[in-house]
Amino acid sequence: MSQDRSAWTRLVGVRQASPKAAAAPAPKTTAPKPNRRKAAPPVAQAPGAIIGMDPGVSTGLATYSGGQLKALETIEPHAIRELLLERKPARVIFEDSRLQSHTWNAQRQKSRAAVAAVGRSLGHVDQICRQIVSICEELGIPAHGISPAVKGAKLDADQFEVRTGWGRRSNQHERDAAMVAWPFRGAARGQ
């Protein structure tokens with residue numbers, strides 16, 4: 001049996017941990033930084049809600065109901081369909097990278113590899129935008145893409161709180177999603 005195990009180890013390059021390795025202490029972790037902002041409560045289905053999205057690997061999501069910002073969260077792109085099925089919003093507004101032909105970020109890059117990385121990232125975001133449109137069409141939810149230039153400059157947490165009254169925790173993706181939908185926060189289905 002031990003010959004079979006060592007042959008397997010040579011074949012796949014996997015070794016079992018020694019008893020000493022198993023007894024090694026766990027690595028030290030650092031405590032998270034304290035955050036003065038409170039976490040948002042869980043989001044329930046809100047009929048007539050407007051959902052704003054900032055597509056990306058970490059997709060920012062903002063939910064408005066009755067014209068008020070009710071929730072901010074971050075989801076992965078593969079969860080968009082399930083979320084829209086569950087919440088049934090009246091309208092989806094998303095930042096559509098396809099509506100802006102110029103990429104300001106790529107101009108500042110020093111190397112061709114960095115420019116190529118920006119292009120790959122932008123292509124991924126474009127695909128998520130197409131996915132949002134397709135899902136919304138299938139579910140009968142009005143969806144509107146907004147150019148990043150129309151959305152306006154990025155806001156830090158304090159600027160965002162002044163603009164929206166949101167004093168809870170947020171990240172840049174969530175704030176961008178909220179600002180994309182800000183002008184539409186009072187819109188109803190089909191208008």
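**Figure 1. Leu-84 in helix 3 of the predicted model.** Leu-84 lies in helix 3, which covers residues 80-87. The model shown here and in the other views is predicted. At a relative accessible area of 1%, Leu-84 is buried, because buried means under 20% relative accessible area. Leaving out residues up to four places away in sequence, Leu-84 touches Ile-51, Met-53, Pro-89, Val-92, Ile-135, Cys-136, Leu-139 and Ile-141. One of these residues, Cys-136, is 52 residues from Leu-84 in sequence, while the two C-alpha atoms are 8.0 Å apart in space.

**Figure 2. Val-125 in helix 5.** Val-125 belongs to helix 5, formed by residues 112-139. The relative accessible area of Val-125 is 15%, so this residue is buried. When neighbours within four places in sequence are set aside, Val-125 is in contact with Pro-55, Gly-56 and Ser-97. Thr-59 is 66 residues from Val-125 along the chain, and 9.6 Å separates the C-alpha atoms of the two.

**Figure 3. Ser-147 in the loop between strand 5 and helix 6.** Strand 5 spans 143-146 and helix 6 spans 148-151, and Ser-147 sits in the loop between them. Ser-147 counts as buried, because its relative accessibility is 12%. Asp-96, Leu-99 and Gln-100 are touched by Ser-147, with residues up to four places away in sequence not counted.

**Figure 4. The packing of helix 7 and helix 8.** Helix 7 is made of residues 157-164 and helix 8 of residues 172-181. Two packed helices are described by the angle between their axes and the distance between the axes. For helix 7 and helix 8 the angle is about 30°, and the axes are 11 Å apart. The two helices are therefore roughly parallel to each other, since angles under 35 degrees count as roughly parallel. The crossing of helix 7 and helix 8 is left-handed.

**Figure 5. Residues at the contact of helix 7 with helix 8.** On the helix 7 side, the residues are Ala-157, Phe-160, Arg-163 and Thr-164. They meet Arg-175, Ala-178 and Met-179 of helix 8. Sorted by class, this contact has 4 nonpolar residues, 1 polar residue and 2 charged residues.

**Figure 6. The protein chain and its elements.** The protein chain contains 8 helices and 5 strands. Read from the N terminus, the order of elements is α-α-β-β-β-α-β-α-α-β-α-α-α. The chain has 191 residues, of which 34% count as buried. Of the contacts between residues at least 6 apart in sequence, 72% join residues at least 24 apart.

**Figure 7. Confidence along the predicted chain.** The protein chain has a mean pLDDT of 77, with 63% of its residues at 70 or more. Confidence is highest in strand 1 (residues 50-54), at 96, and lowest in helix 2 (residues 19-22), at a mean of 45. Over residues 5-22, pLDDT stays under 50, and the model has 4 contacts beyond four places in sequence for this stretch. Residues 32-41 are another stretch where pLDDT stays under 50, and there the model has 19 contacts beyond four places in sequence.

Methods: Residues are numbered from 1 along each chain as its sequence is written. This is a predicted model: local features need pLDDT of at least 70, side-chain atom pairs count only at pLDDT 80 or more; totals for chains, interfaces and linings use all residues. Side-chain values use heavy atoms; hydrogens and water are left out. Axes are lines fitted to C-alpha atoms, for helices over the stretch in contact, and angles run from 0 to 180 degrees between N-to-C directions. Helices (H or I, at least four residues) and strands (E, at least two) are DSSP runs, numbered from the N terminus. Angles under 35 degrees count as roughly parallel, over 145 as roughly antiparallel, 65 to 115 as roughly perpendicular and the rest as oblique. A crossing is left-handed if the near helix is turned anticlockwise from the far one by less than a right angle, and right-handed if clockwise. Contact means heavy atoms within 4.5 Å. Ala, Val, Leu, Ile, Met, Phe, Trp, Tyr, Cys and Pro count as nonpolar, Asp, Glu, Lys and Arg as charged, and the others, Gly among them, as polar. pLDDT is the predictor's confidence in each residue, from 0 to 100. Buried means under 20% relative accessible area, exposed over 50%, partly exposed in between (1.4 Å probe, protein chains only).
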